[in-house]
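Student: I would like to check the labels used for this model against the criteria behind them. Could we take them one by one?

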Amino acid sequence: MSSKPQRGEASSQVTPVNPESPSALEERPAWLRWGPYLSDRQWGTVREDYSPGGAAWEFFSHDHARSRAYRWGEDGLLGICDDQGLLCFGLSLWNEADPILKERLFGLTGNEGNHGEDVKEAYFFLDNTPRHTYMKALYKYPQRAFPYTDLIAENQRRSRQDDEYELLDTGVFAENRYFDVTVEYAKSSPEDILIRISATNRGPDSAPLHLLPTLWFRNTWSWGRDDRQPSLKAAETDPARGHRLVYAHHWRFGNYTLACEGAPELLFTENDTNSQRLWNAPNRTPYVKDGINDAVVNGESDKVNPAASGTKVAAHYALAVEAGQTETVTLRLSHTEHRRPFVNAEQIFAPTNW
Amino acid sequence: MQRQAYAGLLWSKQFYYYDVSEWLNGDPAGPPPPQAHTDGRNAYWPHLNNADIISMPDTWEYPWFAAWDLAFHCVAFSHIDPEFAKNQLILLLREWYMHPNGQLPAYEWAFSDVNPPVHAWAALQVYRTEQAVTGKADRAFLERVFHKLMLNFTWWVNRKDSEGNNIFQGGFLGLDNIGVFDRSAELPTGGYLEQSDGTAWMGMFSLNMMTIALELARENVAYEDVATKFFEHFLYIAGAMNDLGGEGIDIWDEEDGFFYDVLLTPGVGPRPLKVRSLVGLIPMLAVETIDPELHHRLPNFFRRMRWFLNNRQDLASLVPSWEEPGIGKHRLLSIVPGDRLQRLLYRMLDTDKFLSPHGIRSISKSHEREPYHLQVDGTTYSVEYEPAESRSGLFGGNSNWRGPVWFPINALLIEALRKFHHYYGDQFQVECPSGSGEMLDLRQVSDDLASRLIAMFLRDEHGRRPVYGDNEIAQTDPHWRDNILFYEYFHGDTGAGLGASHQTGWTALVGHLITESAADRGPSDGERG
């Protein structure tokens, strides 16, 4: 039995929420401040659509998503955020075969699929508690290049009379050449979250895997309504301590710290639109939303900020996972800084603590 | 399996942010949006200003709230976090969601679309589940919901009963392509459609409101006469559905023993559209029983009721059960009298018609051999049984209500059968499946349906999960086979998952069915199959 106060209990602690939103006057339990609130898809929604004809799927495409700042929300892979969607955490992956990072789930738009919109990924929600004190999900990431164009082309070719062409049909998982990537979150307190990412190579050979746990702020500063900008900064840390730190500061809720186990390279950029890529227009900021993608996938190291600050950061773990083996990385996102953030990690992940 | 269903339900919470006024008019930093945007979609909803955590149907395929889906999510949530379920139901009724005229926002593609009015039903479910689990009756919650739903009810009556005859329209009502035409659009024939389901949903809404009012009246007499209001409104609707007004708009077809939508075209007589679909079964959902104990607590309600029934013998004949107390002296209110119920169930429980191995189909399999055709001005409109993905482009072709099994309606049917059983008891038996010679009471029928739905996700005797159909990797690979997906809808013959693959919104109702089936199976009826 844990000697700590019962986790996830209805609590008298109440956290203030966005003073600008009409729900601001409502009280919410502190344990619900953080949860799996990050969407799987923000592109292709009505909210992001400003076209004259209301063509929401086409106005903001999956191809734009990695380069273009969202106005009304964020998305990511098996991620979490606070209850105003201001500070977001998600997973990003690269297998050295894909043309882009796997930052978000891919799928066909309402007009691309032969039976309308459809996600074309393999992922599973395995566990979650009502106060989100423990959460677990699984993503199956192919080692071969993800069949983006094949999925679009084949489904376009098929008619309404045919079945849908699914990811498993493409053969990308043949010989089990994929990683089972499991993400687990466990709260030590309402604003102190342990994060464990485990990648198991199900294939017959050793395979490269870049794990890029990513922390970023929703863009609230580019719309001419409120110019105040939050910030992410690398902390000077002694490598002997066995982790690296990112400080997150937001004018609304103060500081958070992301501790990253080991000595990953920290890649910083801004959650701002790459207008150059999309519309051949000048960028508002020198570093842009797809900077980390370009630095990792194309080796363009000048696309991330050497000053180690920004509004989006990834901790870069370049791994080689042996056949049948599992590599694990642990992080901790918390309101207060811990001197030894991982010392009691096992205890916090234990089911008795949920 | 239940753990994964609830995990998916919890994972599908999402921060949802949408300020329609700002969105219509654009931001100071950007170029002004095109006029067609500012005057276009959702321009009628400028008050809508959302920045909340909301339970989503599927955070990839439907990463936006959908009013009627959400009501079902709350029923599933009530078993694991009743506080959250109550807050979600209240949220949608707040001033920054509900339209000033009382309409609930449907979903961001078109907030003005009309979904079935299931909010009151969900509120009652959540209230009762919490009461059963925690012993706490949250009357303040029920009262808050009730006041707002009065506005919503009035919106329905004023907007969707175009002839003032207690027969309702409502458009597609969540059932996408179930009809002969797109029920949201102008009819190709002109005129309009008197809808069996629209009217039945309003009957159910009235009964749910009456029940809430009776519950609140236990401690506050102010609710007694509003309970009467909904009782009488229910009877008007039930009367209209059974053509007591004699206007010739008979939604019930005596020959077929089924309810149909009726097409009213100028210059032509009323034409029933004889598609055997859920539209004809939904009238069963309008059912409520009244506890005899209330008789002593609320004498005025019952006095008024007796007066009304004495003075409106035409309507009283519709609720004969009123005069014949059932098991434990319960009273029954239902649109469907006992003999019609028998006939509907005979069709519903026929494996060649509605009853699939894994639940009730959205349309009868009889339309496989006998498609329904309607000729209008040289064009033929058809409805065929399509058990898998939609073969037509209606509603984007993304969802299919022409054969597959859907959780929300199945869960409602199961609950309705349990209410009928509450009144009729074990004596009222039907053949299940029809023609099998096996006689079951309605509680047993509801259990049978629930177990068919639950079995979709469980390994069968061959170790295969029906939900994964002929997908060999998902069926057999040890790293796949126990990770379960909760789809949007299911193949009408095989139970294979279709549509959105992570719809642990309303398909998480399977968790609710498991809990309810386990909880209600008391020791006394433990020997029931």
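Tutor: Two strands count as paired if DSSP finds at least two bridges between them. The model is a predicted one.

Student: What makes β6 and β7 of chain B a pair?

Tutor: Strand β6 (residues 261–264) of chain B is joined to β7(B) by 3 bridges. At least two are needed, so the two strands pair. They run antiparallel, and B:Val262 has B:Pro272 of β7(B) opposite.

Student: Why are β3 and β7 of chain B said to stand at the edges?

Tutor: The open sheet has 3 strands in the order β3-β6-β7 (chain B), with antiparallel pairing. Both β3 (192–194) and β7 (271–273) of chain B have a single partner strand, so one side of each lacks a neighbour in the sheet. From one strand to the next the twist averages 35 degrees.

Student: How do you know that B:Val20 is buried?

Tutor: The label requires 20 or more other C-beta atoms within 10 Å. B:Val20 has 22, so it is buried. The residue lies in helix α2 (residues 20–25) of chain B. Leaving out residues up to four places away in sequence, B:Val20 touches B:Asn42, B:Trp45, B:Pro46 and B:Leu48.

Student: How far is B:Val20 from B:Lys160 in sequence and in space?

Tutor: They are 140 residues apart in sequence, and their C-alpha atoms are 25 Å apart in space. B:Lys160 is one of the buried residues of α7(B).

Student: How do you know that the length of helix α7 of chain B agrees with its number of residues?

Tutor: At 1.5 Å a residue, the 22 residues of α7 (residues 139–160) of chain B should span 32 Å. The end C-alpha atoms are 30 Å apart, which agrees. The buried residues of α7(B), including B:Phe141, B:Leu149 and B:Trp156, pack against α5 (82–93), α6 (119–134) and α8 (196–217) of chain B.

Student: Which residues touch the most other members of the largest nonpolar core?

Tutor: Among its 244 residues, they are A:Ala137, B:Ala122, B:Met284, B:Leu413 and B:Leu509. The largest share of this core, 12 residues, comes from α8(B). Beyond neighbours within four places in sequence, the contacts of A:Ala137 include A:Leu78, A:Val183 and B:Trp11.

Student: What makes up the side of chain B that touches chain A?

Tutor: The contact takes 50 residues from each of chain B and chain A. On chain B, α1(B) gives the largest share, 6 residues. The residues on that side of chain B are 22 nonpolar, 18 polar and 10 charged.

Key. Residues are numbered from 1 along each chain as its sequence is written. Chains are lettered from A and ligands numbered from 1 in the order in which they are written. This is a predicted model: local features need pLDDT of at least 70, side-chain atom pairs count only at pLDDT 80 or more; totals for chains, interfaces and linings use all residues. Helices (H or I, at least four residues) and strands (E, at least two) are DSSP runs, numbered from the N terminus. Axes are lines fitted to C-alpha atoms, for helices over the stretch in contact, and angles run from 0 to 180 degrees between N-to-C directions. Two residues are in contact if their C-beta atoms, placed from the backbone, lie within 7 Å. Ala, Val, Leu, Ile, Met, Phe, Trp, Tyr, Cys and Pro count as nonpolar, Asp, Glu, Lys and Arg as charged, and the others, Gly among them, as polar. The expected span of a helix is 1.5 Å times one less than its number of residues. A residue is buried if 20 or more other C-beta atoms lie within 10 Å of its own, exposed if 12 or fewer, and partly exposed in between; C-beta atoms are placed from the backbone. A nonpolar core is a set of buried Ala, Val, Leu, Ile, Met, Phe, Trp, Tyr and Cys residues joined through C-beta atoms within 7 Å.
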